[in-house]
Amino acid sequence: MAGVAFASDEWAEKFKEEINKSVSYKAAARGWKWTIGFVVEAEPDKNVPEPIGIVMDLFDGEARDVKITSAADAKKCDFIITASYSRWKQVINKELDAIRGMLTGKLKLKGDLTTIVRYTKAAQELTECATRVPVEWPDER
């Protein structure tokens, strides 16, 4: 199966579908009621010329919406996680655990870390869902 371009509308739709198919995520994220904004910092040398925003409307184990936006829109969410494109690629390829990345400063979190830690299993399941979307990385085209 051919991959979809990372951070494209099609990628966001497939990511949302994977989240909503995941029984594990539904159980782990019970009680979650905040939006999450992912900011992918630009890396022009990796074919990511502009920052990218990914806004996730997650509520009680369901992805109500996942959309590609501006970084400014992503920064309006309840929780904002910022990292370079290369770091996000490491997270999605399971080379870097998202929670460990936040604790070590490799991913910058704006929001309540205690709440995030309480939902560690849900965060891991989100990563699992992302790994199930066949992706075409901009720096591998």
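How many aromatic pairs does the structure hold? The structure holds 11 of them, where a pair means rings of Phe, Tyr or Trp (its six-membered ring) with centres within 6.5 Å; planes under 30 degrees apart count as stacked, over 60 as edge-to-face and the rest as tilted. Before we look around, keep in mind that this is a predicted model, in which local features need pLDDT of at least 70 and side-chain atom pairs count only at pLDDT 80 or more, while totals for chains, interfaces and linings use all residues. Residues are numbered from 1 along each chain as its sequence is written, and side-chain values use heavy atoms, with hydrogens and water left out.

Let's start with tyrosine 119. The rings of tryptophan 32 and tyrosine 119 have centres 5.1 Å apart and planes at 85°, so this pair is edge-to-face. The pair links distant parts of the chain: tryptophan 32 sits in the loop between helix 2 (23–28) and strand 2 (35–41), and tyrosine 119 in the loop between helix 6 (113–118) and helix 7 (120–131), 87 residues apart. (Helices, H or I with at least four residues, and strands, E with at least two, are DSSP runs numbered from the N terminus.) Tryptophan 32 and tyrosine 119 are both buried, which is the word for under 20% relative accessible area; exposed is over 50% and partly exposed is in between, using a 1.4 Å probe and protein chains only. For tyrosine 119 the relative accessible area is 11%.

Tyrosine 119 also pairs with tryptophan 34: their ring centres are 6.4 Å apart and their planes at 70°, so this pair is edge-to-face too. Here again distant parts of the chain are linked, with tryptophan 34 in the loop between helix 2 and strand 2, 85 residues away from tyrosine 119. Threonine 115, in helix 6, belongs in this picture as well. Leaving aside neighbours within four places in sequence, threonine 115 is in contact (heavy atoms within 4.5 Å) with Trp32, Trp34 and Phe79. At 7% relative accessibility, threonine 115 counts as buried.

Elsewhere, ring pairs link Phe6, Trp11, Phe15, Tyr85 and Trp137 into a cluster. Helix 1 (residues 9–21) and helix 7 pack at an angle of about 125°, with their axes 8 Å apart. Axes here are lines fitted to C-alpha atoms, for helices over the stretch in contact, and angles run from 0 to 180 degrees between N-to-C directions. Helix 1 and helix 7 are therefore oblique to each other; under 35 degrees would count as roughly parallel, over 145 as roughly antiparallel and 65 to 115 as roughly perpendicular, with the rest oblique. Phe15, Glu18 and Ile19 of helix 1 make the contact with Leu126, Cys129 and Ala130 of helix 7.

Glu18 has charged partners, too: Glu18, Lys21 and Arg132 are linked in a network of salt bridges. A salt bridge is a side-chain nitrogen of Lys or Arg within 4 Å of a carboxyl oxygen of Asp or Glu, and a search of the whole structure finds 12.

One of them joins glutamate 41 and lysine 108, at 3.7 Å from N to O. Glutamate 41 lies in strand 2 and lysine 108 in strand 6 (residues 108–110), so the pair ties together parts that are 67 residues apart in sequence. Glutamate 41 is partly exposed at 31% relative accessible area, and lysine 108 is partly exposed at 48%. Threonine 82 of strand 5 (residues 79–84) touches both residues of this bridge: not counting residues up to four places away in sequence, threonine 82 touches Val39, Glu41, Trp88, Leu107 and Lys108. At 14% relative accessibility, threonine 82 counts as buried.

Another salt bridge brings together lysine 89 and aspartate 139, at 3.1 Å from N to O. Lysine 89 is in helix 4 (residues 85–92) and aspartate 139 in the segment after strand 7 (135–136), 50 residues apart. Lysine 89 counts as buried at 14% relative accessibility, whereas aspartate 139 counts as partly exposed at 30%.

Finally, look at lysine 26 in helix 2, which is partly exposed at 44% relative accessible area. Lysine 26 and glycine 61 are 35 residues apart in sequence and 3.9 Å apart in space, C-alpha to C-alpha.
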